[in-house]
There are 2 protein chains.
Amino acid sequence: MYPKKFEDLITAFQQLPGVGHKTAERYAFEVMNWTKEKQEEFLEGLKVLSTGIETCRICGNLSDGDLCPICLDETRDTSLICVVQSPKDIAAVESIQEYKGVYHVLNGVIDTSKGILPEDLRLSSLLQRVEAGNIKEVILALDPTVEGETTSLYIETLLKDKTQVTRPAYGIPIGGHLDYTDSLTLLRAFQGRK
Amino acid sequence: MYPKKFEDLITAFQQLPGVGHKTAERYAFEVMNWTKEKQEEFLEGLKVLSTGIETCRICGNLSDGDLCPICLDETRDTSLICVVQSPKDIAAVESIQEYKGVYHVLNGVIDTSKGILPEDLRLSSLLQRVEAGNIKEVILALDPTVEGETTSLYIETLLKDKTQVTRPAYGIPIGGHLDYTDSLTLLRAFQGRK
């Protein structure tokens, strides 16, 4: 029983991940209650959706211009490349504040069931970076799923004669319990024991 | 370490009620991953923020034009007015699917601590509606807070010689427990016993 414009607003918010009708309604009423200035500020922040965002020419990370903040940062070790599925994963790796190398975003993983083939990923640019030389190590930090594994194996084959290829350790998560760990993770943990 | 445009997007989403940095980040990555069409659809839904929304000339509810869907509905009983604080409360009353009258939105309650006085509310239009005649009953469905109570008493004084003024029953919520009910609610429940 809402006017159409308001229903449209609720429907828009419902598109956000994990937002149902009730939450979307709450967002809609809240934004309608904002001052004109705050509403304009909000729309201004969302402008990137119509202008689009650039991606880094080198690594494929989200960027304001030709290069992303990480590739622009001269203190980063450019001989170390961490390969990730999406820019989101860069945020996760950055949060550990340990990794000082650079990144390479694949924009997905090989998934034949969805028709995503190696040529759909940013693989040739990765190969170019490695072939340009001076790359000491490539860390494959893809999700430990079937598709992630397939992609990691594919990249390993592609790069193994050109540079050192590593992967993060898989195993029991810190704070986890042995008896609650799924058997595949436990298997990996035992295989990777030191 | 995000590009500015993307940070702005996260900041915008963080303005939504109950959305912290983590959730805003999730929303931002999600919307950036949408197809161009879906992004445009989303912005289209939010267009009401720049165009603004009209309010019903009669009741003050959100509306697409001169009158809101409820005031346009000829099956509603116009001799029965339910007074609410905001359009949001109309949604709540509508959800019980029991009330067949019309509404009057005050756009707030009297709150001297915030400088909201009777003249800031849509009270004169309410008085006009009642004085125009044919109003059998006015239900004051304001929040049972100090400010809501003050406003209810104010309206009661204003209208008591002109029409019948009622309020919804206050008491123990269905499914609630007697020992978990706060004493003010319990007091009201005992005062209102039948």
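Reply: Start in chain B, where B:Leu126, B:Leu127 and B:Val130 of H7(B) meet B:Ile155, B:Leu158 and B:Leu159 of H8(B). The model is predicted, so read every value here as computed from that prediction. By class, this contact of H7(B) with H8(B) has six nonpolar residues. It has no polar and no charged residues.

Now the geometry. Two packed helices are described by the angle between their axes and the distance between the axes. Helix H7 of chain B covers residues 124–131, and helix H8 of chain B covers residues 146–159. Their axes come within 11 Å. They cross at roughly 35 degrees. The crossing of H7(B) and H8(B) is right-handed.

Turn to chain A. There, helix H7 (residues 124–131) packs with helix H8 (residues 146–159) at an angle of about 35 degrees. The axes of these chain A helices lie 11 Å apart. H7(A) and H8(A) also make a right-handed crossing. On the H7(A) side, the contact uses A:Leu126, A:Leu127 and A:Val130. On the H8(A) side, it uses A:Ile155, A:Leu158 and A:Leu159. The class count for H7(A) with H8(A) is six nonpolar, no polar and no charged residues.

Next, the place where the chains meet. In chain B, 46 residues are in contact with 46 residues of chain A. The area buried between the two chains is about 4500 Å². Carbon and sulfur atoms give 74% of that area. B:Met1, B:Lys5 and B:Leu49 supply 16% of the area that chain B buries against chain A, more than any other three residues.

Seven residue pairs are in polar contact across the interface, with both residues at pLDDT 80 or more.

Which elements of chain B supply at least two residues each to the side that touches chain A? Among them are helix H1 (4–14), helix H2 (21–33), helix H3 (36–45) and helix H4 (48–51). H1(B) gives the most, with seven residues. By class, the side of chain B that touches chain A divides into 26 nonpolar, eight polar and 12 charged residues.

Conventions
Residues numbered from 1 in each chain as written. Chains lettered and ligands numbered in written order. Predicted model: local features only at pLDDT ≥ 70, side-chain atom pairs only at ≥ 80, totals over all residues. Heavy atoms only, no water. Axes fitted to C-alpha atoms, helices over the stretch in contact; angles between N-to-C directions. Helix = DSSP H or I, 4+ residues; strand = E, 2+ residues; numbered from the N terminus. Left-handed = near helix turned anticlockwise from the far one by under 90°. Contact = heavy atoms within 4.5 Å. Nonpolar A, V, L, I, M, F, W, Y, C, P; charged D, E, K, R; others polar. Buried area = accessible area lost by both parts, 1.4 Å probe. Polar contact = N/O pair within 3.5 Å; in protein donor to acceptor, adjacent residues only side chain to side chain.
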